[in-house]
Protein chains: 2
Amino acid sequence: MTKPYHHGDLRAALLAAAEEIVNRDGVAGLTLRGVAREVGASHAAPKNHFDDLTGLLSELAAIGFTRFADSMANAAAAEVSPRDKLNATGRAYVLFALAEPGLFQLMFRGERLDKTRPALNEAMTRAFSTLTGAVEALHTDDPAAKRAARAHAARAWSMVHGYAILLLDDRLNPLLDAGAPKADAMALLDDMLTLD
Amino acid sequence: MTKPYHHGDLRAALLAAAEEIVNRDGVAGLTLRGVAREVGASHAAPKNHFDDLTGLLSELAAIGFTRFADSMANAAAAEVSPRDKLNATGRAYVLFALAEPGLFQLMFRGERLDKTRPALNEAMTRAFSTLTGAVEALHTDDPAAKRAARAHAARAWSMVHGYAILLLDDRLNPLLDAGAPKADAMALLDDMLTLD
DNA sequence: AGTGCAAAATTGACAGCGTCAATATGACAG
DNA sequence: CTGTCATATTGACGCTGTCAATTTTGCACT
């Protein structure tokens, strides 16, 4: 990795600045010129490293998905029973969304991403591999079992993803105590995963 | 409701055009000047009816939430058992998202909406009243029952919302057969609601 | 060492956007 | 018929993404 002349490593600096901005000002506040300004480069500097805004957002999303996958994998590795592994993965899912809300929302803003970019495509498939793997593992010819596995996977993923999204959008305040939002949100998630 | 002089009812025309655009081009393609252009008005015409872009989006989201609430209420009214009512509500939730994807995504794009606008606030609380009502109905002093009710409500809402969002973002293709996306998506939802 | 070349970064321009102030236009009451 | 006020238009401003042309820099090669 040869270093560019002027800024050391402009590409990495741009991505770091973009991540800071997106978590501070949200996806709407993430602008190509703003990122360049933040690192002291000219307004068209990002063009050389990412083609356009979609390119920058996609590369940033790829970084996000990589960390996302790592976080879930680590959480699952700390448990033994399949049930505990699944619950730990779900907790890691929501914790990531709460820790980096802007980045998480960017990662799931499909309209602004180019999913054919190699980095993003690979990071996404790795992040969701446990999910898709759970279905493909059931490569049995029993259609009922396959159907059930599909339904279970979709249910788990949808629940944890919807919870994260609704949380970030301040939509389930009626269900949460005001005061300690994050702690209470995780407590409710625990109830959702374990109760009944 | 007195009619403005020039365009009949510009306010309604702008909202109708905005809905058509958002379902055709997505939230990103919804622009104040574009909406004005669509109805043949000048670029600053919307200023008189909605203050700014946030105002237009919020009023449009209010319309969306009203129809959303109606759709869920109608679906629930057609069933008798509480369980069937809940499942029918969930199906209506996802069906609405599939029928008006742009509008649905706008409704849950919290950053661009002003939730303090009366129209939007009322429409939102009505749309989610069944959910919050289910929890408030349990105004018992039994903390365990309350906790369970909260968890069940959050689980149902999160699951159906996450499924709708992931669906619109083309994220659970690995779980769906290519070919008849909508029909298969609803079949999978049925399995999620009823299986096991 | 010196030279040429390709990558990296800058500059300047363009159209489109949201927003605001100033202006014009039509509807309606008196 | 006239005055008034809501409604709509015009023009301007700074911001954005994107492109073409240009300058700067690092590096390889003879």
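This short talk goes through the domains, a helix pair and the chain pairing of a predicted model.

First, the ground rules. Residues are numbered from 1 along each chain as its sequence is written, while chains are lettered from A and ligands numbered from 1 in the order in which they are written. Because the model is predicted, local features need pLDDT of at least 70 and side-chain atom pairs count only at pLDDT 80 or more, whereas totals for chains, interfaces and linings use all residues.

Let's start inside chain A.

Where do they touch? Nine residues of domain 1 of chain A are in contact with twelve residues of domain 2 of chain A. Contact here means that the C-beta atoms, placed from the backbone, lie within 7 Å. On the domain 1 side, helix 1 (residues 10-25) of chain A gives the most, with five residues. Helices are DSSP runs of H or I, at least four residues, numbered from the N terminus. By class, that side has six nonpolar, two polar and one charged. Ala, Val, Leu, Ile, Met, Phe, Trp, Tyr, Cys and Pro count as nonpolar; Asp, Glu, Lys and Arg as charged; the others, Gly among them, as polar.

Next, a helix pair. Helix 3 (residues 53-77) and helix 4 (residues 82-99) of chain A pack at an angle of about 145 degrees, with axes 8 Å apart. Axes are lines fitted to C-alpha atoms over the stretch in contact, and angles run from 0 to 180 degrees between N-to-C directions. Helix 3 of chain A contributes residues including Phe68(A) and Met72(A). Helix 4 of chain A contributes, among them, Tyr93(A) and Phe96(A). This contact has eight nonpolar, two polar and two charged residues.

Now the two chains. 32 residues of chain A are in contact with 32 residues of chain B. Helix 7 (129-136), helix 8 (143-168) and helix 9 (181-194) of chain A each supply at least two residues of that side. Helix 8 of chain A gives the most, with 14 residues. The chain A side has 17 nonpolar, six polar and nine charged residues.

How are the copies related?

How values were computed
Contact = placed C-beta atoms within 7 Å.
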